[in-house]
Amino acid sequence: MNAKEADRIPYLTKTKKGIYKYQRRVPKDAQSVLGRKMWDLSLGSNYGAAVDRARAYAEEHDTLLTRLDGSEAKEAFREELKEQVVAVAVSMRPGMLRRIGDDGQLEDVPPMDRNPELWRQTSDKMKAVRALPPEQELQALAYFAAYAFGDRSTLDLLPDNSVLGDSLVDVLEPTRPADAVDAAMFDAMKTALDARIVELAGERLVNPKHTLSHIHGVIAELRNLKPNTRRNHKVTTAKFNKFLREEKDTDFEPSLASITPNLLQEYLDYLLADPDVKNGSISKYFDGMTSVFNHAIKTGKVPGVVANPVKKLELPRADSIEETMFLPFDDEEIRRIWAEAQAEWDPDNHKSKLSADRRKAFLMVFRVLLWSGLRPVEVFWLRDHGGVKRDYIDVQRTKTGIKRKIPISDHIADFPTFAAWGGFDRCIFHGKHRGEEYGRYNAEKLHEAMRRSFAKIRKRAKITEPRKVLYSTKDTLLQRLRYVDGYSTPIEVVVTGHVKKLEMGRHYGGTLGDDPAMRAKVKKALDSVVYW
């Protein structure tokens, strides 16, 4: 760079001693804010380095002056400077031993209380920042959560920072009170604070591992929950999320920390107002949620969750076992159902949307249900667990977890041939349904498909009692089994797998029905059952 070009570098001057300087007058309207009339900065004696630094200073100060354009901007800048001064003072406070007092004399400084219980100011803090723009309110509450409660989970996800807030977070060391009353107040205030933070931040601050869905999955694996239980948890969680969408305008699944007793009370009122949800079954919508909160509290995996909000609710009385148990079909009902089942699942029923092989399989399975006592899904499980032998059904996977061998009644003597010739495999649906790709065997989905199809049969057979469904086939068999000659409790246990009916309970030795003589008694009883 030649001398003529150097002369055109803004604000660059050279002293008689060969030192380059950056000299620039501060505009009058900014002098009171910046506390100076001129920038006068030494740049050294190296010309090239001085030019680079002068340009950098010019760009920095241009940006600063642009920022100070307007009275509101100047006032904001003053507040920022004050905050920086206070931040320095806060940072120095823990190590401060002496200071100059108001009288100008040195005085001792007492040790700093790093746990001043600022959480007690939660309500005042939330009210004070409510008038701020949402982003500023969120930042203020995130810092408060960090230095008053020791929770940085929100703060660490925010892009902007505050020098004073950072100083407070670094210096203060809040802890949850040991006193039971104070601890309860601490938790309540933290819950309220978290709820407002989630309301402001939305989905971006939700840790997916802190949601109902994720923890349901963790619990399912830990406890090896049954497929039906897992499915129920998905259904009840979906219902809760639907409530959030419809009533709270929330399109994402929240963190457990933001699910408060007040929110759950609103959800309970929502369920009570739903005509499709009976009061006696409402408790089921909270059973899985209770397990999730208990797990989160026990493991400490979700910051801020220290109490189960479900316990604050007064739920309607749950239906008794007698009110919810399935009922058997009577003689006339089972005859009507069988007639409709033959028509619906006839291989020649071209009006059906089911494949001919699937209809044939459903009709076979329905007969097996009536003469084996198996549950619908247990029959479909036979394809991969246990199997169908020449004279008995080897039941390895069951709802009760009790394996058993059920003799094949003469009424379903064709079942072994059905299984041996791939009857289960032939009812696999190939193609797409509701966007989902099919083409592999899935016992649970086959059971669900059969249940939906049976609902049509039940309707045509004019069955109106809601507790008489496909699952009622087991109860229908047991009702008749108890009246046949030679009936005994052990025979019923072999059929149902309910070993608690025996005094020996789970200490029953071997597999139920393993003894050929016992199977012969069970077969004789099953052969005596007649429906039509």
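In which loop does Lys-462 lie? Lys-462 is placed in the loop between α18 (443-460) and α19 (472-481), where helices (H or I, at least four residues) and strands (E, at least two) are DSSP runs numbered from the N terminus. The structure is a predicted model, in which local features need pLDDT of at least 70 and side-chain atom pairs count only at pLDDT 80 or more, whereas totals for chains, interfaces and linings use all residues. Residues are numbered from 1 along each chain as its sequence is written, and side-chain values use heavy atoms, with hydrogens and water left out.

Lys-462 follows α18 and has a positive phi, near 60°. With a relative accessibility of 66%, Lys-462 counts as exposed; the classes are buried (under 20% relative accessible area), exposed (over 50%) and partly exposed (in between), computed with a 1.4 Å probe on protein chains only. A positive phi, of about 50°, is also found at Asn-224, which is not a glycine. Asn-224 belongs to the loop between α9 (212-223) and α10 (227-248) and is exposed at 61% relative accessibility.

Helix α18 comprises 18 residues, which at 1.5 Å a residue should span 26 Å, and its end C-alpha atoms are 26 Å apart, in agreement; the expected span is 1.5 Å times one less than the number of residues. The N-terminal end of α18 is capped by Asn-442, a side-chain oxygen of which lies 3.1 Å from the backbone nitrogen of Glu-444. Among the buried residues of α18 are Leu-446, Met-450, Phe-454, Ile-457 and Arg-458. An α-helix has 3.6 residues a turn, so residues three or four places apart point the same way. The buried residues of α18 pack against α14 (331-344), α15 (356-370) and α16.

Salt bridges, defined by a side-chain nitrogen of Lys or Arg within 4 Å of a carboxyl oxygen of Asp or Glu, number 33. One of them joins Asp-62 and Arg-24, with an N to O distance of 2.6 Å. Asp-62 lies in helix α3 (residues 47-67) and Arg-24 in strand β2 (residues 20-25), so this pair ties together parts that are 38 residues apart in sequence. Asp-62 is partly exposed, at 37%, while Arg-24 is buried, at 7%. A salt bridge of 2.8 Å (N to O) connects Glu-221 and Arg-230; Glu-221 is exposed, at 56%, and Arg-230 is partly exposed, at 25%. A further salt bridge, of 3.5 Å, is formed by Arg-404 and Glu-378. Since Arg-404 lies in strand β8 (residues 404-407) and Glu-378 in helix α16 (residues 376-381), the pair ties together parts that are 26 residues apart in sequence. Both Arg-404 and Glu-378 are buried. Salt bridges with shared partners also join Glu-117, Arg-120 and Asp-182 into one network.

The structure contains 28 aromatic pairs, counted where ring centres of Phe, Tyr and Trp (its six-membered ring) lie within 6.5 Å; planes under 30 degrees apart are stacked, over 60 edge-to-face and the rest tilted. Tyr-22 and Tyr-57 form a tilted pair, with 5.4 Å centre to centre and 40° between the planes. This pair links strand β2, which holds Tyr-22, to helix α3, which holds Tyr-57, 35 residues apart. Tyr-22 is buried, at 0% relative accessibility. Phe-240 and Tyr-267 form an edge-to-face pair, with 5.0 Å between centres and 75° between planes. Phe-240 and Tyr-267 are both buried.

Conventions. Contact means heavy atoms within 4.5 Å. A polar contact is a pair of N or O atoms within 3.5 Å; within protein, one must be able to donate a hydrogen and the other to accept it, and residues adjacent in sequence count only if both atoms are side-chain atoms.
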